[in-house]
Amino acid sequence: MFTPAELLDISTLLTPENKIVILTHYNPDGDAIGSSLGLKHYLRAKGIPAEVIVPNDFPKFLKWMPESKKVIIGEYKRKYAFEMISNADVIFCLDFNAPLRIGILGEWLTKAKAKKILIDHHQQPEKFDFVYSDTVIPATSQMIYHFIEAMEDENLVNQDIAECLYTGIMTDTGGFRFRSTSATTHRIIANLIEKGADPSIITSNTWDTNTVSRLHLLALVLGRIEVVNDGKVAVLSLTRNELKEYGFQKGDTEGFVNYGLSIAGVKMAAFFMEDLYDDFIKISFRSKDDVDVNQFSRKYFSGGGHINAAGGKSDESLSDTIETFKKRIEAEEV
């Protein structure tokens, strides 16, 4: 958490007169949107306006959250987003650890004169004016709750804040099943429920929204899961042509990698997908126990993330990328 002196400095910055912007990472997920909107609603409860800006669009299954449709999407409103960031007095940076993680917004953030406040749970954060970094906490949305606690504003947590933070924590913990989920996490969830977050409604709005295209793609992936390395590693993949054939929409492949990890005996799963427009391969890694996919991805696939959840990319073809991956896991004795 921020030191008491830092909290005091931050509190002096949080005024209605100051222009406040909230940024999160490229390809925003549930935690990115949940933490950003949760913080926005908290600031509003204090009488402080703020705007959320994301680099690119986010999945439809997250657009039920309060004010999600007012999020500014940088790739659609470049001029407006640039002006907002350039003129900001305070910029909250949520769920990313370096400007390069926010796509087209990164250069603007670096040049902005605003005070920059980082709240994030990824490893190796870069320098910001104020840094709250904790890699043990499973979701940035949980860190926003801790920030509200530290500001002694728990009484301001309303239903809008509760729904957004609950969604962020739920999605980034895989439904509270990842090992980083702690007793503290569950106590916060209980508090959010008491403040108006309805678990059944949030779960239904977020996860019970499958499109036909998603189910077709899932059927393809499940039909060709490959288990290698003595049954310890699962490999899943999709081609660009398959994405086009079934009308892929952003968010359709969310969580596919977890199906590989659900196989008995599997310690690591990797999902490889050709980008829909550019010639590179997106990779999602998940693991169990002490299998560190963060370091693995950093070492071999220009990525990173958490010990048990990370992303990466490759400029090789899909087939070559998968073959390279298989050689790497043998070398690392996964």
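View A. At 29% relative accessibility, Lys282 counts as partly exposed, a term for values between the limits for buried (under 20% relative accessible area) and exposed (over 50%), computed with a 1.4 Å probe on protein chains only. Asp275, by contrast, counts as buried at 7% relative accessibility. Asp275 and Lys282 form a salt bridge in which the closest N and O atoms are 3.4 Å apart, a salt bridge being a side-chain nitrogen of Lys or Arg within 4 Å of a carboxyl oxygen of Asp or Glu. The model is predicted, so local features need pLDDT of at least 70 and side-chain atom pairs count only at pLDDT 80 or more, whereas totals for chains, interfaces and linings use all residues. Residues are numbered from 1 along each chain as its sequence is written, and side-chain values use heavy atoms, with hydrogens and water left out.

**View B. The salt bridge between Asp153 and Lys46.** A search of the whole structure finds 13 salt bridges, and in the one between Asp153 and Lys46 the closest N and O atoms are 2.9 Å apart. Asp153 lies in the loop between α5 (140-150) and α6 (159-172) and Lys46 in the loop between α2 (30-45) and β2 (51-54), so the pair ties together parts that are 107 residues apart in sequence; here helices (H or I, at least four residues) and strands (E, at least two) are DSSP runs, numbered from the N terminus. Asp153 is buried at 10% relative accessibility, while Lys46 is partly exposed at 32%.

View C. Asp289 is found in the loop between β10 (281-287) and α12 (293-300), and has a positive phi of about 55° although it is not a glycine. Most residues other than glycine have a negative phi. The side chain of Asp289 meets that of Lys267 in a salt bridge (2.9 Å, N to O). Both residues are partly exposed, Asp289 with a relative accessible area of 39% and Lys267 with 33%.

**View D. The buried face of α12.** The buried residues of this helix are Val293, Asn294, Phe296 and Ser297. Seen down the axis of α12, they fall within an arc of 165°, so they line one face of the helix; the arc is that of the directions from the helix axis to the C-beta atoms. Among the elements that cover them are β9 (268-274), β12 (309-314) and α13 (318-332), where contact means heavy atoms within 4.5 Å. Just after α12, Ser302 takes a positive phi of about 50°.
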